[in-house]
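Here is a short note for a colleague who is opening this structure for the first time. Please keep the sequence and the 3D view side by side while reading.

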Amino acid sequence: MVAAACVAGCAAAAPEDDIRRLVASPQYSAADGRFRNLPNPDARASRNAALIWTRFLFGTKQDTVPVDPIPVQALARAQLDALPAGANHVVRLGHSSHLLKLQGRYWLIDPVFGERVSPFSFAGPRRFHPSPLALEALPPIEGLVLSHDHYDHLDRPTIEHLRNSVQRYFVPLGVAARLVQMGVARERITEFDWWQAAEHAGVRLTAAPAQHFSGRSLTDRDTTLWASWVLEAGGQRIFFSGDSGYFPGFREIGQRLGPMDLALMENGAYNADDWPSVHMTPEQSVQAFEDVRGKVLYGVHNSTFDLAFHPWREPMERLAALAGQRGVELATPVIGEVLTVGQPRENRRWWEGLR
């Protein structure tokens, strides 16, 4: 009965083994067939979804879309292949999308190359800048990691293009059915519950908790799981927060899996009135970074799509000010910039002076 309810609530029917793993998860509620966040007495409820969407679609916004072009450093395949194979490199593609070269092999995190983050090709938030590297120019991808199934993290056109050229997909529980619906072979996908780990191509991956939600329609909320991730390669650890509100779980992640040589922390699309517990303010992003025992704070989830009510520069401005006050090493790379983990770099506030 529970398995049947899960299948009915998901976007695509899942194999029986997938359903059994999903139902067995401590995060899964058999009462309504949905996943739950960890208990958090400090979490504040989000505003009614209808009110949020009404404000988002019809409310007045100011300075949420850049007037001046966002700077982009174009990338060529030859540049990527020339990066030393004995190191770990992170390339900012925009929003939360990143191309990684880990010990000589290429990985993707939450890749979104589409023009819009929306169920529609003709409407919805449109990207501010081109990708620094065309989808067609990507090198062979060893692994692709997804944090959750929202449109600004799981992009159907991107997945459909890559479906046969990625060796392995690593996703939270329930997301495999989404990928299968997009044409990915099920045997290429590994699903994770929180704290589960696996190794592939010299990289150890661990799915960790996050405080968020999921869904791609009005009827499938929380029928798939969401996660943060730790990728360990060459003795270095990279943390990716995915989307998350601030919660005590960050401290446990730091205790169990830290320290993190580089922490990609959500920093953008926050709003204290509408979704106070599923996204972090810059102050919370810094606290979460310290909780996971990060060494370098790398802000993500900004500068590509209009997904909130704050000015587009604000997340980076506030994060940079806080990092300076607290003595935190900050990375705010230009779109297309390559960051080599553990190597010194000069950080630039590239948004300053842009309208």
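1. Start with one pair of residues. Leu 205 stands opposite Leu 231 in strand 11. The model is predicted, so read it with its limits: local features need pLDDT of at least 70, side-chain atom pairs count only at pLDDT 80 or more, and totals for chains, interfaces and linings use all residues. Residues are numbered from 1 along each chain as its sequence is written, and side-chain values use heavy atoms, with hydrogens and water left out.

2. Now the strands around that pair. Strand 10 (residues 203-208) and strand 11 (residues 228-233) are antiparallel, with five bridges. Two strands pair if DSSP finds at least two bridges between them. Helices (H or I, at least four residues) and strands (E, at least two) are DSSP runs, numbered from the N terminus.

3. Which strand order does the open sheet have? Its seven strands run 9-10-11-12-13-14-15, with mixed pairing. Strand 9 (197-200) and strand 15 (329-331) are at the edges; each has a single partner strand, so one side of each lacks a neighbour in the sheet. From one strand to the next, the twist averages 20°.

4. Next, the hairpin. Strand 11 and strand 12 pair in the antiparallel sense over five bridges. Two residues lie between them in this hairpin, and Gly 234 in the turn has a positive phi of about 60°. Ala 233 has Gln 236 in strand 12 as its bridge partner.

5. Strand 12 then meets strand 13. These two run parallel and are joined by three bridges. Ile 238 stands opposite Leu 262 in strand 13. Phe 239 has Ala 263 as its bridge partner in strand 13.

6. How many residues of strand 12 are buried? Four of its five residues are, so the strand is mostly covered (buried means under 20% relative accessible area, exposed over 50%, partly exposed in between; 1.4 Å probe, protein chains only). In strand 13, five of its five residues are buried. Both faces of strand 13 are covered: Leu 262, Leu 264 and Glu 266 on one side, Ala 263 and Met 265 on the other.

7. Look at Ser 241. It is in the loop between strand 12 (236-240) and helix 7 (249-257). Ser 241 is buried, with a relative accessible area of 0%. A polar atom of its side chain lies 2.9 Å from the backbone nitrogen of Glu 266. Residues up to four places away in sequence aside, Ser 241 touches Ala 210, Ala 227, Ser 228, Leu 264, Met 265 and Glu 266 (contact means heavy atoms within 4.5 Å).

8. Helix 8 deserves a look. Helix 8 (residues 282-291) lies across strand 13 (262-266) and strand 14 (296-300), at about 150° to strand 13. Axes are lines fitted to C-alpha atoms, for helices over the stretch in contact, and angles run from 0 to 180 degrees between N-to-C directions.

9. Strand 3 (residues 88-94) and strand 4 (residues 97-102) run antiparallel, joined by six bridges. Val 91 stands opposite Leu 99 in strand 4.

10. Last, Leu 135. Is Leu 135 buried or exposed? Leu 135 is buried, with a relative accessible area of 14%. It is found in the loop between strand 5 (105-109) and strand 6 (141-145). Beyond neighbours within four places in sequence, Leu 135 is in contact with Phe 113, Pro 157, Thr 158, His 161 and Leu 162. Leu 135 and Glu 160 are 25 residues apart in sequence and 11 Å apart in space, C-alpha to C-alpha.

Key:
A polar contact is a pair of N or O atoms within 3.5 Å; within protein, one must be able to donate a hydrogen and the other to accept it, and residues adjacent in sequence count only if both atoms are side-chain atoms.
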